[in-house]
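Work through the exercises below with the sequence and the coordinates open. Each task is followed by a solution in steps.

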Amino acid sequence: MTPCAVTTGFFTLGKCGQMAIAGCPSCGRALCADHVTEGGLCPECAAARNQVGHPAAAAAHRRRAYRHRSATEYSDYGWYTSFDAYDRAAFDPDAAGNQDFRDDGDDALVDS
Amino acid sequence: MADGHRAAYVAFDRFPSTKGSAVHIRHMAAELFDRYGGGLLCVLGGGGLPSYQREGDVEIVRFDAVVPNWLDRAEAFSAWVADRLAAHRDTLEVCHVRDPWGALPALSLGRRLVYEANGLPSIELPYTWPLAAPSTLAKIADLERECLLKADAVVVPSQVIARTVTARGVAAERVHLVPNGADPVPADVPRPPDAPGRYLIYVGALQPWQGIDVLLRAFARLADLSDLSLVICSSVAPSRSRALRRLAERLGLTGRVHWQHTLPHAEVAAWLAHAELSVAPLTASPRNLDQGCSPIKVWESMAAGTAVVASDLPVIREVLGEHGRLVPPDRPAELARAVRVLLEYPDLCADLGRQAREHVENGYTWTHARTRLAAVYHGLDLR
């Protein structure tokens, strides 16, 4: 796994370290889903171009758009909006019980 | 025909793969597509699989977006499936799904829905994601219930799962039992070139509920049988076997346990056919007791004519019946004793293998399973 190289923290700084899904096209550093800005840049490069916004804006935007769309499409079952950040945190890659499962974690489910 | 499929099969599972679930998808989807003149198969990709394939009347599309969080990925898969199905809105008649993530977009289209409940995420997820809170799992259970209640037919592979879904409110007349199956292995299948002399075999994935740790501990008690090896045909990558390899090392089994990883399905039959015994040491866990399963490893061992020693659980009794040796689950000493006794009586072993094979041939091949599924589709078409 390539860890996200964005610096995070307020007083104690460190690298984000979540699984990277993209690279910043400007400086090349690895970026996780939470730190890709809307233009695909890392938060620092985006700020340098005056595209200031919350680093998680792109991810939040995608999720919000999907919830909005699915709520209409699925006759508003209300399920998607019911999963909150607390629910989601248990399914982050680092939360897997057996880290050996991480290489192909999704198909560990529902084995016949 | 570039568009306009009448049927879609949706699975939040990688396909093809070396796992039992992929064998299952292969046969169930084939029946659906035969009946409806082709169709759309929406599955997970990755691992070098192409994102799009066209095989005659069947279109295969694979979801390969990288979404690190599992729940986000499941939802993104749902959205992606909704887009794929929308293209066939005018012609689609039946959607066949295996999980809530496929069922939601299918339900929104309002077409006939066949929900194949092989497992319930609310029961299986905590094994992989132990931090998932009870409240989260309750939400997922609600989601499952909603999808199961709205499905036109619920297909289950065992009576245990049938009881579980009816307990969740699904009307019994909408639940259809279609047990898994296996195709008989030819009697003259050649011995695998790297097979050890005499060996016990375990085939399958390595999740905690499979009980491979129990098997390793039992095998350590057979140390006096120095000509006997244990072959573990893992359907998953070597990285998943690290903890079990460490256990084997601690038990002093290095050199006596042979690991085979992600063998093609066709090769597994030869390994099974030449084993002394096949072992299915499933644990007495909620996944096996409350949820249920129909272990393809047991069906395939029976079809290969190899005697099976398995845990005494309701799901195994359903499959194996009188045609194998049942032992109390989670008891290495009992398992070791049963293996030792059977090895002492090779005629009894051969008889059990023959009976098991006949049992499969007479009613539980994949052809039989497909006929049962066809009857479910037929019932839907008559409505």
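Predicted model: local features only at pLDDT ≥ 70, side-chain atom pairs only at ≥ 80, totals over all residues.

**Exercise 1. Chain A in outline**

Task: State how many helices and strands chain A has, and give their order along the sequence.

Solution: 
- Step 1. Chain A has four helices and four strands.
- Step 2. Along the sequence these elements follow the pattern β-β-β-β-α-α-α-α.
- Step 3. Of the 112 residues in chain A, 30% are buried.
- Step 4. Among contacts in chain A with a separation of 6 or more, 17% join residues 24 or more positions apart.

**Exercise 2. The surroundings of Cys24(A)**

Task: Locate Cys24(A), decide whether Cys24(A) is buried or exposed, and list the residues that Cys24(A) touches.

Solution: 
- Step 1. Cys24(A) sits in the loop between strand 3 (20–23) and strand 4 (30–32) of chain A.
- Step 2. A residue is buried if 20 or more other C-beta atoms lie within 10 Å of its own. Cys24(A) has 22 such atoms, so Cys24(A) is buried.
- Step 3. Leaving out residues up to four places away in sequence, Cys24(A) touches Arg29(A), Leu31(A), Leu41(A), Cys42(A) and Cys45(A).
- Step 4. For a distance across the chain, take Tyr86(A): Cys24(A) and Tyr86(A) are 62 residues apart in sequence, and their C-alpha atoms are 28 Å apart.

**Exercise 3. Two helices of chain B**

Task: Describe how helix 1 (residues 20–35) and helix 15 (residues 366–382) of chain B pack.

Solution: 
- Step 1. Two packed helices are described by the angle between their axes and the distance between the axes.
- Step 2. Here the angle is about 50° and the axes are 10 Å apart. Helix 1 and helix 15 of chain B are therefore oblique to each other.
- Step 3. The crossing of helix 1 of chain B with helix 15 of chain B is right-handed.
- Step 4. Helix 1 of chain B contributes His27(B), Met28(B), Glu31(B) and Arg35(B) to the contact, and helix 15 of chain B contributes Trp366(B), Ala369(B), Arg370(B), Leu373(B), Ala374(B) and Tyr377(B).

**Exercise 4. An annotated stretch of chain B**

Task: Find what the UniProt record says of residues 20–184 of chain B, and describe the chain over that range.

Solution: 
- Step 1. The unreviewed UniProt entry annotates these residues as "domain: Glycosyltransferase subfamily 4-like N-terminal".
- Step 2. Over residues 20–184 of chain B, the chain is 47% helix and 19% strand.
- Step 3. The end C-alpha atoms of this range are 16 Å apart.

**Exercise 5. Backbone exceptions in chain B**

Task: Which peptide bond is cis at Pro16(B), and what is phi of Thr262(B) and of Asp330(B)?

Solution: 
- Step 1. Most residues other than glycine have a negative phi, and most peptide bonds are trans.
- Step 2. The bond from Phe15(B) to Pro16(B) is cis, with omega near -5°. Pro16(B) is in the loop between strand 1 (7–14) and helix 1 of chain B.
- Step 3. Thr262(B) has a positive phi, near 45°, and lies in the loop between strand 11 (257–261) and helix 9 (265–273) of chain B. Thr262(B) is partly exposed because 13 other C-beta atoms lie within 10 Å.
- Step 4. Asp330(B) has a positive phi, near 60°, and lies in the loop between strand 14 (325–327) and helix 13 (332–344) of chain B. With 17 other C-beta atoms within 10 Å, Asp330(B) is partly exposed.

Conventions: Residues numbered from 1 in each chain as written. Chains lettered and ligands numbered in written order. Buried ≥ 20, exposed ≤ 12 C-beta atoms within 10 Å, placed from the backbone. Contact = placed C-beta atoms within 7 Å. Axes fitted to C-alpha atoms, helices over the stretch in contact; angles between N-to-C directions. Parallel < 35°, antiparallel > 145°, perpendicular 65-115°, else oblique. Left-handed = near helix turned anticlockwise from the far one by under 90°. UniProt positions renumbered as here; feature names shortened; annotations may be inferred.
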